Amino acid sequence: MGVETRVRGRSERRILKALREGRREVYEGVIETHYASIYRLLLFLTRDTSLAEDMTQEVFASAWAAIQGFRGEATVKTWLRRIAYNLFVDTQRRRKRDEVLVDRLGEGDPGAAADPLSRIMTDEHLARMYGAMDDLDDEERAVLLLHYLDGLSYRDMARILHQPPGTLKWITHRALEKLRTRVIGKAES
Amino acid sequence: MSVDSRNERDDVSLEWVEHQLRALSAVEPPRGLKEELLAAVPRRAAGEVLPWRIWRWPTAAGWAGLAAAIVLLCGILWIHSPRGPSVSPSADVNASLGQVLAADYNSVRPPDINALDSNGLY
């Protein structure tokens, strides 16, 4: 175990202890550090800004409710993403959504100007990439988002997605290849 | 690198895809979301510590202690548990055989048969 890992481990234990003790500034620090990435993960998974916003709040509410039972086997970062992903899977089971956000934005939604996605929609490449992600399944999308947006290692992703790291590497490569093909397809069409 | 031209389709490499994926992190959360999250921090996190809520079962030491307590309790119960019937000699003295002899001795028969005979009619 390296020095950095040990320091991080001690830091994580301190954070967890402070959360259990109910120290507000630590709660605020955790929100500050993780809320944007949790929101992005849920946004690209659900393809729905308001749903992603609601679910982000639900993730933190669930986390605070479960903080006494969290033993710290994973980092707070991994733990929060696992809650988010499980929440997404549960939501997907409840409601099979067919609509995609790109279509909704195209309908001239009056709130679109304030929509956080409108920024990337002005970038042609990013818009194309976002559109191409529609063709990925939930697991492929989750793997790419956790790895490239959040910078999670395959080992941490394995804790969230309940798949061996080797399988996740393979899924990542397959999803990238699929995405590349779709981007080319969209560029041509 | 561009993907706009059909002639450049080979330019869409996996590295380009990876780069664009990372760029998706430019999406910012809606304004007000952080404030809502901060407002939803549980009340007890505002410095109010409830000791019985923060207690948690210690993992290894707790289970080892529980196991030791169970073993000790079982030992005490075993030591103090009642045994089967006693086989000591003193019990034999007062056993049923002794009672029979006593009963024979004080039986309802004539107190002295030999005396009866000697004073008989014959």
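Angles under 35 degrees count as roughly parallel, those over 145 as roughly antiparallel, those from 65 to 115 as roughly perpendicular, and the rest as oblique. The legends below concern a predicted model, in which local features need pLDDT of at least 70, side-chain atom pairs count only at pLDDT 80 or more, and totals for chains, interfaces and linings use all residues. Residues are numbered from 1 along each chain as its sequence is written, while chains are lettered from A and ligands numbered from 1 in the order in which they are written.

**View 1. Packing of helices α2 and α4 in chain A.** Two packed helices are described by the angle between their axes and the distance between the axes. Helix α2 (residues 24–46) of chain A packs on helix α4 (residues 76–94) of chain A at about 30°, and their axes are 10 Å apart. Axes are lines fitted to C-alpha atoms, for helices over the stretch in contact, and angles run from 0 to 180 degrees between N-to-C directions; helices (H or I, at least four residues) and strands (E, at least two) are DSSP runs, numbered from the N terminus. α2(A) and α4(A) are therefore roughly parallel to each other. The crossing of α2(A) with α4(A) is right-handed (left-handed if the near helix is turned anticlockwise from the far one by less than a right angle, right-handed if clockwise). On the α2(A) side the contact involves Val30(A), His34(A), Ile38(A), Leu41(A), Leu42(A), Leu45(A) and Thr46(A), which meet Val76(A), Lys77(A), Leu80(A), Arg81(A), Ala84(A) and Phe88(A) of α4(A); residues are in contact if their C-beta atoms, placed from the backbone, lie within 7 Å. By class, nine residues of the contact of α2(A) with α4(A) are nonpolar, two polar and two charged (Ala, Val, Leu, Ile, Met, Phe, Trp, Tyr, Cys and Pro count as nonpolar, Asp, Glu, Lys and Arg as charged, and the others, Gly among them, as polar).

**View 2. Helix α9 of chain A against helix α4 of chain A.** The axes of α4(A) and α9(A) come within 8 Å and cross at roughly 40°; the two helices are therefore oblique to each other. α4(A) passes α9(A) in a right-handed crossing. Thr78(A), Arg81(A), Arg82(A) and Tyr85(A) of α4(A) meet Asp156(A), Arg159(A), Ile160(A) and Leu161(A) of α9(A). This contact of α4(A) with α9(A) comprises three nonpolar, one polar and four charged residues.

**View 3. Packing of helices α8 and α9 in chain A.** Helix α8 (residues 138–149) of chain A and helix α9 (residues 154–161) of chain A pack at about 140°, with axes 10 Å apart. That angle makes α8(A) oblique to α9(A), and the crossing is right-handed. From α8(A), Glu139(A), Ala142(A), Val143(A), Leu146(A) and His147(A) meet Met157(A), Ile160(A) and Leu161(A) of α9(A). The contact of α8(A) with α9(A) holds six nonpolar, one polar and one charged residues.

View 4. Tyr85(A) counts as buried, with 23 C-beta neighbours inside 10 Å (buried if 20 or more other C-beta atoms lie within 10 Å of the residue's own, exposed if 12 or fewer, partly exposed in between, with C-beta atoms placed from the backbone). Not counting residues up to four places away in sequence, Tyr85(A) touches Ala142(A), Ile160(A) and Leu161(A). The C-alpha atoms of Tyr85(A) and Leu42(A) are separated by 7.8 Å, although these residues are 43 apart along the chain.

**View 5. Gln57(A) beside chain B.** Gln57(A) lies in helix α3 (residues 49–66) of chain A and counts as partly exposed, with 17 C-beta neighbours inside 10 Å. Not counting residues up to four places away in sequence, Gln57(A) touches Glu36(B), Leu37(B) and Ala40(B). The C-alpha atoms of Gln57(A) and Tyr35(A), 22 residues apart along the chain, are separated by 8.9 Å. The predictor gives the complex an ipTM of 0.73 and a pTM of 0.62.

**View 6. Positive phi at Arg47(A) and at His162(A).** Arg47(A), in the loop between α2 and α3 of chain A, has phi near 65°, a positive value in a residue other than glycine. Arg47(A) is buried, with 21 other C-beta atoms within 10 Å. His162(A), in the loop between α9 and α10 (165–188) of chain A, has phi near 55°, also positive in a residue other than glycine. His162(A) counts as exposed, with 10 C-beta neighbours inside 10 Å.

Key
Contact = placed C-beta atoms within 7 Å.
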